[in-house]
Every structure is written in structure tokens, then in C-alpha cells.
Amino acid sequence: MFSVPAIPLFHCGRITSKNERNKAVFFFTIGSASVRQSEEAKLVKLVEFLNANPDYSVDLVGYADKNTGSAKRNMQVSKLRVEAVAKKMISLGAPADRISTKYVGDTEQPFSENDMNRAIICTVK
């Protein structure tokens, strides 16, 4: 598990090698799969980075918190969230063939604070 720092995890233009793993976290409201307006600036930076650096791609992994909904519903909402982020990236000009998606519902909890698990974690590789 890791915790979220106070600053954004993704820093465009600071990747020095393909082995360096940079992450961005996109948070969602409870039960929602809509990309928050407050998260869109990070998506724009991420798409700009991908377009400027054709050797990189992103892995998107969708999560849900364990305190709300059934396991089946949480799997569904994490799928909808990861699809929403991928679609938004593509609509902003990201190449679809460089975006991979996976959703895990509440089977994995990357954050110690449960409500923070309503998220998509994006890894630039």
C-alpha cells in the first residue's frame, strides 16, 4: 500500500527513462463514474505528455471502496470509472492504442483510507 502525497503524483516532462514509473491518481465521488472537473487538468497534462512522447503508454486501473455497495456493484463501478477516464483521454487526443485498462472493484485496496479507494490509478510506462 502507498499513501497519497499532498501534491499531484504525476509530473509531466519529468520522466527520465522508460523504467521510471510515474503515477497519476484520479478520484471519484461515491457511486459515481463521472470524471470530476477538478481532475480534468491532470488528464489534459497526461494527454499532452503522451502526444509529445510516443514511446510511452499508460495503464489505467479502476478501484472501488469496500464500505459501499456489493462486490458485484463495486466491480461494475470500477469498470465504468476506468472506461470514463480512457474515453476522456481519447476525446482529448490521446492515442487509444497506448491506453490499457483494468478494473478490480474492491478486491484490491491501494490506499489505507477506504474512501480514497474510489479512484483510477494511472501508471505511465
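I began with Val104, which counts as buried because its relative accessibility is 5%. Buried means under 20% relative accessible area, exposed over 50%, and partly exposed in between, with a 1.4 Å probe and protein chains only.

Before going on I noted the ground rules. This is a predicted model, in which local features need pLDDT of at least 70, side-chain atom pairs count only at pLDDT 80 or more, and totals for chains, interfaces and linings use all residues. Residues are numbered from 1 along each chain as its sequence is written, and side-chain values use heavy atoms, with hydrogens and water left out.

**Confidence.** I looked up pLDDT, the predictor's confidence in each residue, from 0 to 100. The chain averages 79, and 80% of the residues score at least 70. Residues 1-20 have a pLDDT below 50, and in the model this stretch has 36 contacts beyond near neighbours in sequence. Contact means heavy atoms within 4.5 Å.

**Elements.** I took helices (H or I, at least four residues) and strands (E, at least two) as DSSP runs, numbered from the N terminus. The chain has 2 helices and 4 strands, in the order β-α-β-α-β-β from the N terminus on. Of its 125 residues, 41% count as buried. I also checked contacts with a separation of 6 or more: residues 24 or more positions apart account for 75% of them.

**Val104 again.** I found Val104 in the loop between S3 and S4. Leaving aside neighbours within four places in sequence, Val104 is in contact with Val61, Gly62, Tyr63, Met75 and Ser78. Its C-alpha atom is 9.1 Å from that of Gln76, 28 residues apart along the chain.

**Helix H2.** I listed its buried residues as Asn74, Val77, Ser78, Arg81, Val82, Val85, Ala86 and Met89. An α-helix has 3.6 residues a turn, so residues three or four places apart point the same way. Which elements do the buried residues of H2 pack against? They pack against helix H1 (40-52) and strands S2 (58-62), S3 (99-103) and S4 (119-124). Just after H2, Gly93 takes a positive phi of about 110 degrees.

**Cores.** A nonpolar core is a set of buried Ala, Val, Leu, Ile, Met, Phe, Trp, Tyr and Cys residues joined through side-chain atoms within 4.5 Å. The largest has 20 residues, and Phe26, Val58, Leu60 and Met89 have the most contacts inside it. Strand S1 (22-27), H1, S2, H2 and S4 each give two or more residues to this core. H1 supplies the largest share, 5 residues. Apart from this core lies another, of 7 residues, among them Val25, Val61, Tyr63 and Val104.

**Two further residues.** Lys42 lies over the face of Phe26, at 5.3 Å from the ring centre. For this, NZ of Lys or CZ of Arg must be within 6 Å of the ring centre and within 35 degrees of the ring normal. Last, I looked at Ile30, in the loop between S1 and H1. Ile30 touches Thr68, Arg81 and Arg118, not counting residues up to four places away in sequence.
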